[in-house]
Amino acid sequence: VKIHIKLCRFINVEKHAVRLSDKKDVFLIDLYKSAKAVILVSGDKKLLKEASSYSVNTKTLKEFEQEYF
């Protein structure tokens, strides 16, 4: 647990004008953009497709593992 706390940082999450078919996923795009994340990893194919239209770099878990491990 201690290592996770050292790696974490708190951020203010701003709401962005994002419309997704599943409204429960909007917070993920807001978090991605507010944190200036590099990759959004998800198994939700619909989310990955829709997020890409908002300039979000997306990968499935398999793609992420193949590229980084």
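A salt bridge is a side-chain nitrogen of Lys or Arg within 4 Å of a carboxyl oxygen of Asp or Glu. Keep that in mind for a later stop. The model on screen is predicted.

**Stop 1: the whole chain**

Select everything. The protein has 69 residues, and 25% of them count as buried. Its C-alpha atoms fill a box of roughly 35 × 30 × 20 Å along the principal axes.

**Stop 2**

Switch to a cartoon view. You will find 4 helices and 2 strands. Start at the N terminus and follow the chain: the order is α-α-β-α-β-α.

**Stop 3: the surface**

The protein exposes about 5900 Å². Carbon and sulfur atoms supply 57% of that area.

**Stop 4: the charges**

Colour the charged side chains. There are 14 positive and 9 negative ones. The centres of the two sets lie 4 Å apart.

**Stop 5: the salt bridge**

How many salt bridges does the structure hold? It holds 1. Select K59 and E67, whose side chains form it. The distance from N to O is 3.1 Å, inside the 4 Å cut-off.

Are the two partners buried or exposed? Take each in turn. K59 has a relative accessible area of 14%. Buried means under 20%, so K59 is buried. E67 stands at 48% relative accessibility. Exposed means over 50%, so E67 counts as partly exposed.

How values were computed
Residues numbered from 1 in each chain as written. Predicted model: local features only at pLDDT ≥ 70, side-chain atom pairs only at ≥ 80, totals over all residues. Heavy atoms only, no water. Buried < 20%, exposed > 50% of the residue type's maximum accessible area, 1.4 Å probe, protein only. Areas by Shrake-Rupley, 256 points an atom, 1.4 Å probe, with all protein chains shown as cover. Lys, Arg positive; Asp, Glu negative; His and termini not counted. Charge placed at Lys NZ, Arg CZ, Asp CG, Glu CD.
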